[in-house]
Amino acid sequence: MEKHVVVIYPHPDDESFGAAGTITKFRREGVPVTYLCGTLGEMGRNMGNPTFANREVLPEIRKEELLEACKKLDIDLRMLGYRDKTLEFEDRDEVARHLKSILEEINPSLVITHYPEHAVHPDHNALGAAAVEAVRLMDPDERPTVWAQAITNNYYEEIGIPEVQNDVASFFDEKMEAILSHKSQASGVLNNIRNSRNQNGEMHEEAKKHLGKEHFFIWNYEK
């Protein structure tokens with residue numbers, strides 16, 4: 001069993017869409033989980049549907065949504081304080097050293113982050129690369145395992161089949177509760193999910209297939 005899990009993603013809602021099922025599984029096992037969230041997602045284009053936010057209030061709204069999601073997931077939260085949509089321009093080594101200092105303090109056995117260059121958004125790729133580098137900089141005897149999440153359409157062809165394939169369908173409701181916390185960002189996805197329920201209110205298999213599995217590569221520092 002893991003000792004402590006640290007999740008490193010750049011935006012509020014990344015933790016819920018990407019890893020809420022896996023996080024819930026660890027918490028059910030009694031494993032502490034800490035989320036290092038890179039930004040407040042203040043440059044997000046979604047303002048709710050119907051609109052209830054604007055550019056000025058969006059950062060505070062997204063912060064409150066994040067706090068609510070972390071409360072529902074029963075995880076600790078640390079906000080790293082970077083600016084949304086600028087992580088690719090930050091000094092990679094400085095961000096890695098920042099993350100390394102936190103990881104050495106928490107001393108996790110597992111880090112979950114995005115797979116660099118296979119995470120679609122520049123912030124995802126940049127923070128994932130910094131997280132991978134942060135762990136590389138640690139004493140090899142103290143390094144946590146790194147699970148890297150790839151979400152590009154062609155990652156199977158380019159990097160293969162993920163070693164970790166978590167079926168989280170049994171934690172689907174908890175994952176949905178976390179996603180629902182991010183009201184300003186989730187409306188489109190949530191509408192698709194609502195429309196995918198059958199007459200008994202149960203999720204169709206296709207929806208569960210999409211959100212009921214979470215896949216991760218085990219990062220190899222020997223490559």
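Asp-13 is buried, since its relative accessibility is 11%. The model described here is a predicted one. Asp-13 is located in the loop that runs between β1 and α1. Its backbone is marked by a phi near 100°, which is a positive value in a residue other than glycine. The side chain of Asp-13 takes part in a salt bridge with Arg-62, and the closest N and O atoms of the two residues are 3.1 Å apart.

Helix α2 covers residues 58-73. With 16 residues at 1.5 Å a residue, α2 should span 22 Å, and this agrees with the 22 Å found between its end C-alpha atoms. The buried residues of α2 include Leu-58, Ile-61, Arg-62 and Glu-65. Leu-66, Ala-69, Cys-70 and Leu-73 in α2 are buried too. The spacing of such positions can be read against the geometry of a helix. An α-helix has 3.6 residues a turn, so residues three or four places apart point the same way.

Asp-74 follows α2 and has a positive phi, near 60°. A salt bridge connects Asp-74 with Arg-27, with 2.5 Å between the closest N and O atoms. Here again distant parts of the chain are linked: Arg-27 is in helix α1, whereas Asp-74 is in the loop between α2 and β3 (76-79), 47 residues apart. Arg-27 counts as partly exposed because its relative accessibility is 24%. Asp-74, at 45% relative accessibility, is also classed as partly exposed.

In total, the structure holds 11 salt bridges. Another of them joins the side chains of Glu-104 and Lys-100, at 2.9 Å from N to O. Glu-104 and Lys-100 are four residues apart in helix α3, so about one helical turn separates them. Glu-104 has 42% relative accessibility and therefore counts as partly exposed. Salt bridges with shared partners also join Glu-68, Lys-72 and Glu-177 into one network.

Negative charge also gathers on the surface, in a patch made up of Glu-90, Asp-91, Asp-93 and Glu-94. Of these residues, Asp-93 has its place in helix α3, which comprises residues 92-106. The relative accessibility of Asp-93 is 41%, so the residue counts as partly exposed.

The loop between β3 and α3 contains Lys-85. Phi of Lys-85 is near 65°, a positive value in a residue other than glycine. Lys-85 counts as partly exposed because its relative accessibility is 38%.

Strand β1 contains Val-7. This residue is buried, as its relative accessible area is 1%. Val-7 and Val-33 are 26 residues apart along the chain, and their C-alpha atoms are separated by 7.4 Å.

Helix α4 is made of residues 122-137. Its 16 residues should span 22 Å at 1.5 Å a residue, and the distance of 22 Å between the end C-alpha atoms agrees with this. Because 13 of the 16 residues of α4 are buried, the helix is largely enclosed by the rest of the structure. Pro-116 counts as buried, with 12% relative accessibility. From Pro-116 to Ala-130 the C-alpha distance is 8.8 Å, and the two residues are 14 residues apart in sequence.

Terms used: Residues numbered from 1 in each chain as written. Predicted model: local features only at pLDDT ≥ 70, side-chain atom pairs only at ≥ 80, totals over all residues. Heavy atoms only, no water. Patch = residues over 30% accessible without salt bridge, like charges linked within 9 Å, V, L, I, M, F, W, Y side chains within 5 Å. Areas by Shrake-Rupley, 256 points an atom, 1.4 Å probe, with all protein chains shown as cover. Salt bridge = Lys/Arg side-chain N within 4 Å of Asp/Glu carboxyl O. Lys, Arg positive; Asp, Glu negative; His and termini not counted. Charge placed at Lys NZ, Arg CZ, Asp CG, Glu CD. Helix = DSSP H or I, 4+ residues; strand = E, 2+ residues; numbered from the N terminus. Buried < 20%, exposed > 50% of the residue type's maximum accessible area, 1.4 Å probe, protein only. Expected span 1.5 Å × (residues − 1).
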